Amino acid sequence: MDAENIVIKKIAILGGTGKEGKGLAYRWAKAGYQIIIGSRNKEKADVAVFELKGILGNQFEITGATNPEAAQAGDVVVMTVPFGVHKEMLESLKPYVAGKIFIDVSVPLVPPKVTKVQMPAAGSAAQEAQQILGENAQVVSAFQNISYEHLLNDKELECDVLVCGSGKPARMIALELVKAAGLVGWDAGPLENSVVVEGLTSVLIGLNKQFGVQAAGIRITGIPRPK
Ligand SMILES: NC(=O)c1ccc[n+]([C@@H]2O[C@H](COP(=O)([O-])OP(=O)(O)OC[C@H]3O[C@@H](n4cnc5c(N)ncnc54)[C@H](OP(=O)(O)O)[C@@H]3O)[C@@H](O)[C@H]2O)c1
């Protein structure tokens, strides 16, 4: 697979019926991408499509599918499911994401102690994804610090996105999608660095609790902000 030559038109969001997936779908549909909402249940995906079109308008290209159909159809595959089902989802979807860029949004939260960083044996959720999917898929991690509360609207976001992944071309494609979502993204290096980004989410949830807010975020300083 040569990420440099991939043109992204269709974005498949597995578990796109949920909070984070729907928010990303909203932003990318607005940016002009075709969105395929994936679900275990096609009818549930169609309900999410109906909801999104109700907010955005019928002219936007959003369709519903089962997760395998969505993964197969997407030029890039994004996964937004709870970490408890991360492994089983990846194992079942492996044949459908071969040769693709796979953006993992998962945070390995282990309830009830979600404010404590608890990484899986692979090192991080993103590394677990790469282990399961193998070298034929390029895993990139992103958006783990962006609360869904920020996404389903057009407001400017104060939280930046750190993108980690095993190849620079794949990270560049993910950064393009970060920008399309109206966010500021940074190339945060190899997939091994995802442990820091995923771990930060537990810190942010802890701060949310301390300060009674819902969407603490992070921002890179000391570098001119991209326009
Ligand atoms: N929520 C946030 O603000 C936020 C922020 C950053 C990162 N994240 C990460 O993004 C991921 C999704 O978070 P979320 O809040 O969007 O989750 P969610 O709304 O609870 O669930 C997302 C979707 O996952 C699917 N799902 C649930 N149980 C499943 C199972 N047993 N097997 C297969 N699919 C299942 C469901 O889709 P179907 O029922 O349609 O199959 C559901 O709509 C998590 O890993 C989370 O850590 C979330």
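Helices are DSSP runs of H or I with at least four residues, numbered from the N terminus, and α7 in this predicted model is the helix that gives the largest share of the lining of the largest pocket, namely four residues. This pocket has a volume of about 1,100 Å³, and of the 42 residues that line it, K19, E20, T80, V81 and P82 are the closest to its centre. At least two lining residues are supplied by each of α1, β2 (34-39), α4 (86-97) and α7 (194-211). When the lining of the largest pocket is sorted by class, it contains 18 nonpolar, 18 polar and six charged residues.

The second largest pocket has a volume of about 290 Å³, and among the 13 residues that line it, those closest to its centre are K179, L183, V184, P226 and K227. Helix α6 (residues 168-180) contributes the largest share of this lining, with three residues, while the lining of the second largest pocket is made up, by class, of six nonpolar, two polar and five charged residues.

Helix α1, which spans residues 19-30, also packs against helix α2, which spans residues 42-56: their axes come within 11 Å and cross at roughly 50°. The crossing in which α1 passes α2 is right-handed. On the α1 side the contact involves K22, A25, Y26, A29 and K30, which meet A48, E51, L52, I55 and L56 of α2. By class, this contact of α1 with α2 holds seven nonpolar and three charged residues, and no polar ones.

Conventions
Residues numbered from 1 in each chain as written. Predicted model: local features only at pLDDT ≥ 70, side-chain atom pairs only at ≥ 80, totals over all residues. Heavy atoms only, no water. Axes fitted to C-alpha atoms, helices over the stretch in contact; angles between N-to-C directions. Left-handed = near helix turned anticlockwise from the far one by under 90°. Contact = heavy atoms within 4.5 Å. Nonpolar A, V, L, I, M, F, W, Y, C, P; charged D, E, K, R; others polar. 1 Å grid on protein atoms, 1.4 Å probe; cavity = no way out; pocket = protein on both sides within 12 Å on 5 of 7 lines; lining within 4 Å. Points joined across faces, edges and corners; volume = space filled by probe spheres on them.
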